Structure formats: C-alpha cells, structure tokens
Amino acid sequence: MALSERKERILGLLTDAYIRTGEPVGSKWLMEQMDNAVSSATIRNEMAELALLGYLEQPHASAGRVPTAKAFRLYIDKLMTPVTPSEALCREIDDALEQAANPDELMETASALLAQETGCAAITTSPTESRATIRRLEVIPMSPYAVSLLLMTGFGVLHHRVCRLFDPIPRGVCEQLTATLCAEFVGKTTADVTLPKMQRLLVSLGDEGFSCMPVLTALYELTQESERAEVLLKGQLNLLRNPAYAPERAHSLIDFLTQRAQLAHLLAAHPGGMRVVFGSEAGRPELAGSSLIVTRYVPRGGDGAIGLIGPQRMNYATAIPTLAYTARAVEHIFDQFMKE
C-alpha cells in the first residue's frame, strides 16, 4: 500500500528526529516542523494509521512514536536525503588509502577510516582470488629438509608456506621446480591450480617427484586458501560507547563480531549492490536492534565485501554514501596493485 505524501513527510521527519535523538517523537513537535500547516490531532491520526500499517510503534503509553524496521526500510529507500561526503573527507580517504603498501594494509586503513568517520564497527573481507592471476611463484631452499614456497597473486597478496621434505632436496631441484611451476601457472588464475594438473606435474618430475610432493601439495593448498576471504573488524569500542546500546547488548554484539566465520557468512549472503540488513532479518539474536550496511568492491579478478554494523537508528544518510565512496576507492587501489 502506497503512503500518502503527508504520511511520508511525517514518517521522514519522525525518523530523522529519532536518528538524531533516540527519543520517541510526538505530534506537537511534528506540527511545528510542518509549520503548523496541519493540526496536532490530524498528525496523531496519521501516526495511528502508520502504526496500524507497521511503520511506527509506541514504546510507552504516554510517549511519542518511534520508527520500526519497516519504516527505516522506506526511509532508506525513498525518504532520506543522502549526504555526499565532503571534498575534504574524500581527499582524506584517498590520501590514506594511497599510502597503503599492500592489500592487508589497504584493508586495515579502510576499516579504520570507516569506523572513525561513522562511529560504527567496520567489517571488511579480503578479496577472494579465484579469478586472480598468479604473478610469482618461487621455491626457496631453507635447509636440506625444508623449503619455502612463495605465491604472489595479481593483487600483490603474498602467500607463504614452509614445506617439510621427506628427503634432502638439492638446490638445483628447487630451481628446476620453480621454473616448472612458473611455466605452468604464472599468468594463469589460482583456479587453474587443480589436482589433476598437480598429479601430471608430479609424474613429469620423474625421480624427483616424490621429493617435490610436499611443495606441490602446499601450492594447491595455498591457492585454495586464497579463495577464502579473511575478515577484518575495526571500531568495536564504538559500539560500547554508543548510547543506543545497553551495556549487555553491546557486549553480546561484540562477542558475535569475534566469530569471523559467522561474519564472513553474513557478508557473503549479500552478493551485490548496497544492502541494509536489519537485525530482525539476519536471523541472529545478537544483531537485534542493529543494522548491517554492506556493499562489495570488485577489483579485476576478485571480489570482497565492506560494511558497517551499528544501531538500527544509525545515520544512514551519511553512512551509506561514505561507505560507497570508500568501497570505490578501495577497488581503485586494488586495480593499481594489479598493474604494478
């Protein structure tokens, strides 16, 4: 059912006020905001109808009304006026991200900036790399019974594994193995490192195949690991300081946020575009009264998520545009890493 223009205006004003103050909003205040063009009685009637439609609730018998998740959804989709990040903030984000020397530092910086600017907790995932190219492979001898395997992807992410060997491996075999792996996989994607290919390489190495098997196994495992996103969380203390959360609610939420696998699953459930998920929709009691804003950054050959968690009455008008700008900036820096 479409709302009338007056109902939408009342709902927009009320939601804006509730986000700012956290207090129920009454008809007298709304009448003043509408320049007394509508009587207090008419506004009360409109608010009563909005409550019947599921947009408002009344926390106490004598109090004003507060918006429900349904109201916040309409507010985000239609009623709010997004606040474009200032030029100064955009420069601050760009300058900070451009100083990042590697992908890990980039995501650390992006998360810290978002937490600082929004007062929420910021969650990011490293880009999954199933389509990322392999830029470098090297087998480095460490001792007669150990070698180090280095794998660098197109994003500049360096994966490393120490391999314990069954038999001593001569230095010349390490160089031969490096050359063989580079010829086979450099310039290909991590998804091209398959078990059948590893088996064929094992056979092609002949007498040295048994000695090299731990290295080939490690390479396959590293490429599998590169396809799993790592979750980074910043700004948890913002939730403890936020007056929208009772202390026990904040602690419950922070405990949930320490469960990285759960967070990765939550972010992966929203595959594209900007999404706002209210706690009641996430199916997690720890997220009751909270919202997750999540979007994706898609550098060439990869895919990652970047989001914010905060109270349901967070300032969406500034948080959503700030998140969107940061995600685009992160994507741009990742593309630069791939060109280097």
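Leaving aside its neighbours within four places in sequence, with which residues is Leu-106 in contact? In this predicted model, local features need pLDDT of at least 70 and side-chain atom pairs count only at pLDDT 80 or more, while totals for chains, interfaces and linings use all residues. Residues are numbered from 1 along each chain as its sequence is written, and side-chain values use heavy atoms, with hydrogens and water left out.

With those sequence neighbours set aside, Leu-106 is in contact (heavy atoms within 4.5 Å) with Leu-97, Ala-100, Val-330, Ile-333, Phe-334 and Phe-337. Leu-106 also belongs to the largest nonpolar core, which has 62 residues, and together with Leu-97 and Tyr-316 it touches the most other members. Helix H14, residues 316–339, gives the most to this core, with twelve residues. A nonpolar core here is a set of buried Ala, Val, Leu, Ile, Met, Phe, Trp, Tyr and Cys residues joined through side-chain atoms within 4.5 Å, where buried means under 20% relative accessible area with a 1.4 Å probe, protein chains only; helices (H or I, at least four residues) and strands (E, at least two) are DSSP runs, numbered from the N terminus. A second, separate core of 24 residues includes Leu-137, Ile-169, Val-193 and Leu-219.

S9 runs antiparallel to strand S8 (residues 275–278), to which four bridges join it, and antiparallel to strand S10 (residues 304–311), with eight bridges; strands count as paired if DSSP finds at least two bridges between them. Ser-291 stands opposite Phe-278 of S8, and its bridge partner in S10 is Gly-310.

Ser-291 and Phe-278 return in the lining of the largest cavity, along with others including Leu-266, Val-277, Leu-287 and Ile-309. A cavity is a set of points, on a 1 Å grid over the protein atoms alone, where a 1.4 Å probe fits but cannot get out, and lining residues have an atom within 4 Å of a point.

Definitions and conventions: On a 1 Å grid over the protein atoms alone, a cavity is a set of points where a 1.4 Å probe fits but cannot get out, and a pocket is an open set with protein on both sides within 12 Å along at least five of seven lines; lining residues have an atom within 4 Å of a point. Buried means under 20% relative accessible area, exposed over 50%, partly exposed in between (1.4 Å probe, protein chains only).
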